[in-house]
Amino acid sequence: MVGVTVLIASAVGARETNEIERLQRELRELREKMQSLEEKLNYAATNTTSPAPLEANRPTPASAPATPAKVWSPSDPLRVGRGGVYADLGLVGTFAVGGSTAKDIEGGTQLGGHDPNQNGFTVQGVEMNLQGAVDPYLRGNANLLFSVDSGGESFLELEEAWLETVTLPGDLQVRAGQLLSAFGRVNTQHPHTWGFVDAPLVNGRFLGADGLRNPGVRLSWLAPTPFYSELVLGIQDSHGETAAGFRSDGHTHAGTVGDQLPFGYRHAENDRGVRHVTDLLFTPRYVVSFDLTDEQTLVLGASGAFGPNASGSRGDTVTQIYGVDLYWKWKPARAHAGFPFVSFQAEALVRRYQLGEFDWDEQGNGGDADGDGFVDAGCLTEATGLTPAVLARETVTDYGAYAQLLYGFRRGWVGGLRLDYVAGERAAYERAGLLLADGTGGGTPLGRDPHRDARWRLSPNLTWYPTEFSKFRLQYNYDDRRARGRDHSVWLQFEFLLGAHAAHQF
Amino acid sequence: MKTLKTIFGALGGAWLLATSVQAGLNLVVTTPDLASIAREVGGSQVRITTLARPTEDPHFVDAKPSFIVKLNRADALVEGGADLEVGWLPPLLAGTRNHKIQSGQPGRILCNAGIAMREVPTALTRAEGDIHPLGNPHYVIDPVNAKIIAAHLADAFARLDSANAAAYHANASKFTATLDRKLAEWTAELAPFKGARVVSYHKSWPYFAARFGLQMDLFLEPKPGIPPSPAHLAAVIARMKEENARVIIVDPYLNRKTAETVARSTGATVVDVAQMPGGVKGTEGGYVALLDYLVQTLAQALGAQK
């Protein structure tokens, strides 16, 4: 009984204390509101009497204290940026000017689809990005890329357009639409975030001029480990020109070597569609990250890309690409505006490509369509020059890597150095002594497939960022292609950014 | 083999222990200044992870993957809400998969609620430098704003963890009382220097200047976020001589050499300051320790020239 009384008494006491606390709080809040109002009055008063400030710092009408946000009306100009809009809109324009000793810049020395592609000026790309919350469950992102090719023709690319879940149970996340495959680091980054004017050679050669991207879906899982550890699986279409290395149409950006001979010296057969789930492209990736110290961060990743390719006519050949990547960055505890910093990034890839059987006697007329008794020009023949070549099925192995070091040595200034290397193991079709027929019984001997031959490149550069919204970059490329010799290129890149700037992923 | 087993066993045990101790709120706070107020209000009921370090430029923090893990496991995210973190928070949030800290959830705590923001632009143009659409985001350094933040945090924490609601409100009241007492001291200490001109590098001190009656309208940066140019510095030097401005304040991440050069030409003193507790030596104790330091060093520097 006594206990109950005490309980009731203490409950009443507690209620009273709560009440008092509530009143105190309300009083405090009122006082703060008063203070804040006084503030505004004082500020307005001192502001009108203060002496004229220094020219550059003259407050625009902007420096008045907060006024209630103005309601947008349809007659107002549409503003771009955060706050008050449903989507953030940004535009990045990237251009280059320069020259090279190479005669085959586009698709030859420069393998990236948005690399400088000719002597003189290049529009590398004008990329528009729109992103925002779709609803409480999804966010959306789209990157449209406008460009002008070396022939002066304008074109538009749908780089990416996807929706992504905000919160799924089990720490899962789904992204669906047109998307860049999560393979390594460079492939998922948009060109304006690269540390160099152009794409690494290994990316251009294995993942294609425009990077590996296609319609599809990507599922990722943040593992419950004490460190960052994410598992990603992408499932995408395996055909189209942005699935280079898989069922692409063999198109290489108006390439010169590509015009002459297709990859593996055999034409591709692309139009078989999707008959089975294994006709899709699968890209698993695992990535971990550790903060080595407060000032150093390491990211390690391993990726794969598996899907059918279009080599040969049987339609049962596949490509497997494996990659490992590393990113390390140091930024001191007193960095200002992101400087100074040192970063190192490297990726190494191996590709196992099954080449299908292919008979150059496609019409069954011995390669002699014009009936002059010789194999027609442009056809591949056996070493004798008399019969069209018959290429057996085989699996070829290629590998390549790049490593790049960036040093932001003072605010706005970054020095960079990148080393590229790609090579392939000599395959049976390269050893067979095939000839490219000239139509008169002879032909040019073919050796290494230029799509697979060894080459390396060294690229020092210097970048100046006047602010984070503009940049100027000067780069020199020393190219060494085994069959074609050495080339020198110098490019100056310039870039501007308007509107919202999507903050970069680490 | 046995050692390996022991190591893995120990690691596993430690991890289990770390994940199973879940008392109170697990908070992720973007900047150390907000973290110090969250610490005052949360007391022993909260665990706090701070993303930005006290010495680094809060506009340019790397969006490290480890931050995604921290955000993924947070009960609440405490942020400034005025775009100070716009360069690095959005890409982190995109990958957190944590519904508790999504926009509009009680676990997404924007500290600028109820704050009178200064310098809200009426027109957005980057020709004026890196201006923030929501106003100057360096508002935490004003103790009156700190009181508003504390009250707001107490309400937010109480909503998330009603069992400890009374404690949060009591902590906030205590902190507010301390600030009221200290504010009187600080105001008195700086009162003799009312109207004195203090030069700063970045336009990050208007709230502090207004609170303590200092004039801070000279900046080493020509426009917010734009690096100082020789011509601008020459103009600043001329203006400092004209106005007899003798104190230049520099945050830990800014280029002290530029300030020293200007100081040499004007006979001014360079004073190390910070807006983040722990940004300069002697301010590790938290918000009040930081304000104590700022008021004392400024009073000293301003007093030395009289």
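This talk covers a surface patch on chain A and a strand inside chain B, both taken from a predicted model.

I'll start with chain A. There is a nonpolar surface patch of about 830 Å². Its members are A:Tyr322, A:Phe344, A:Val350, A:Tyr399, A:Leu405, A:Leu417, A:Leu419, A:Tyr421, A:Trp456 and A:Leu458.

Where do the residues of the nonpolar patch sit in chain A? At least two come from each of strand E11 (341-355), strand E15 (394-410), strand E16 (413-424) and strand E19 (455-467). E16(A) gives the largest share, three residues. A:Tyr322 belongs to strand E10, residues 318-330 of chain A. Its relative accessibility is 39%, so A:Tyr322 counts as partly exposed, a class that lies between 20% and 50%.

Now chain B, and strand E1, residues 25-29. Is this strand enclosed or open? Five of its five residues are buried, so E1(B) is largely enclosed by the rest of the structure. B:Leu25, B:Leu27 and B:Val29 point one way, B:Asn26 and B:Val28 point the other way, and all are buried.

Next, the pairing. E1(B) runs parallel to strand E2, residues 46-50 of chain B, with five bridges joining them. Within that pair, B:Val28 is opposite B:Thr49. Between the two strands the chain passes through helix H2, residues 32-42, and this β-α-β crossover is right-handed.

E1(B) also runs parallel to strand E3, residues 76-79 of chain B, through three bridges. Here B:Leu27 has B:Ala76 as its bridge partner. To recap on B:Leu27, this residue is buried.

Technical notes. Residues are numbered from 1 along each chain as its sequence is written. Chains are lettered from A and ligands numbered from 1 in the order in which they are written. This is a predicted model: local features need pLDDT of at least 70, side-chain atom pairs count only at pLDDT 80 or more; totals for chains, interfaces and linings use all residues. Side-chain values use heavy atoms; hydrogens and water are left out. Patches are made of residues with over 30% relative accessible area and no salt bridge: like charges are joined within 9 Å, nonpolar side chains (Val, Leu, Ile, Met, Phe, Trp, Tyr) within 5 Å. Accessible areas come from the Shrake-Rupley method with a 1.4 Å probe; for residues, only the protein chains shown count as cover. A salt bridge is a side-chain nitrogen of Lys or Arg within 4 Å of a carboxyl oxygen of Asp or Glu. Helices (H or I, at least four residues) and strands (E, at least two) are DSSP runs, numbered from the N terminus. Buried means under 20% relative accessible area, exposed over 50%, partly exposed in between (1.4 Å probe, protein chains only). Two strands pair if DSSP finds at least two bridges between them. A crossover is right-handed if, with the strands pointing away from the viewer, the path from the first strand over the helix to the second runs clockwise.
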